[in-house]
Amino acid sequence: MRSEGTMSSRITCEVRDASPVTVVRLRGGLDLGTMRAVHTVLEDCLAAQPDALVVDLTDVTVRDRLALSVFAAAARRAADWPAVPVVLCAPPPEAAGWLAESTACRVVPVRPDCEEATRVANAAAVPRLRARLEPVAGACRRARELVADACARWNLPQAVGPASLVLSELVGNVVRHAGTPMQVTVTLRRPYLHLTVVDGCRGSARAGSPDLLAEGGRGLMLVRELTQRWGSVPAGDGKVVWATLPAN
């Protein structure tokens, strides 16, 4: 599938959702004024949870080197969720030099052409299991089964217990508060196991501070204590809540 969109009067994009790699081709001037629009497009692409994302800079004129930080920001976001590699390709010579001198190259590989970038992105893609769940009582049990299946496939027996508990809490939070269908994903991107739940409610998930005598309200506090990192960000018409645990 191919889609084209205008991000601003000075920069446009073409998104090719060719599974498993999504390619975004930018055209026009990249500066501090247009980088926000670029960031929005990359966020939208990541929300679709591709296996990898390639950004083609062939037709981009970089007018401010600071604007290149948009790619490092997108790559850092992608590392947390949806745990996919981001690769840049074909930057103009001056931009290539700036990238080499910047922090962007520490988190985003740069390749001379789109074909090589796609190969690198494909090679860096990681295994994942997905399930579509309804907001019903059995959803938590199905989430635990998904974790058990993933850990068995990837030989991670020590991760089954904590990962099952964390994903069950994330799914239970959707059942209790969002009440929408959800997509649950378990991803192995070493050294971490990534757990994500996408639902149809835009209200962010936050760990509260319930009264000591309260019967509930501690699910996300438990997630916070058991995980390396966790967070909640907008995704399409809803949100994603993600968590990472060591893949022991």
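Visitor: Which residue in β9 is the bridge partner of Leu188?
Guide: Strands here are DSSP runs (E, at least two residues), numbered from the N terminus. Two strands pair if DSSP finds at least two bridges between them. In β9, Leu188 has as its bridge partner Leu193.

Visitor: What kind of model is this, and how are residues numbered?
Guide: Residues are numbered from 1 along each chain as its sequence is written, and side-chain values use heavy atoms, with hydrogens and water left out. Local features need pLDDT of at least 70, side-chain atom pairs count only at pLDDT 80 or more, and totals for chains, interfaces and linings use all residues, since the model is predicted.

Visitor: How many bridges join β8 to β9?
Guide: β8 and β9 form a hairpin with 2 residues between them. Strand β9 covers residues 192-199 and runs antiparallel to β8; the number of bridges joining them is 7.

Visitor: How many of the residues of β8 are buried?
Guide: Buried means under 20% relative accessible area, exposed over 50%, and partly exposed in between (1.4 Å probe, protein chains only). Strand β8 (residues 182-189) is mostly covered, and of its 8 residues the number buried is 6.

Visitor: Is Thr34 buried or exposed?
Guide: Thr34 lies in the loop between β3 (21-30) and α1 (35-47). Its relative accessible area is 1%, so Thr34 is buried.

Terms used:
Helix = DSSP H or I, 4+ residues; strand = E, 2+ residues; numbered from the N terminus.
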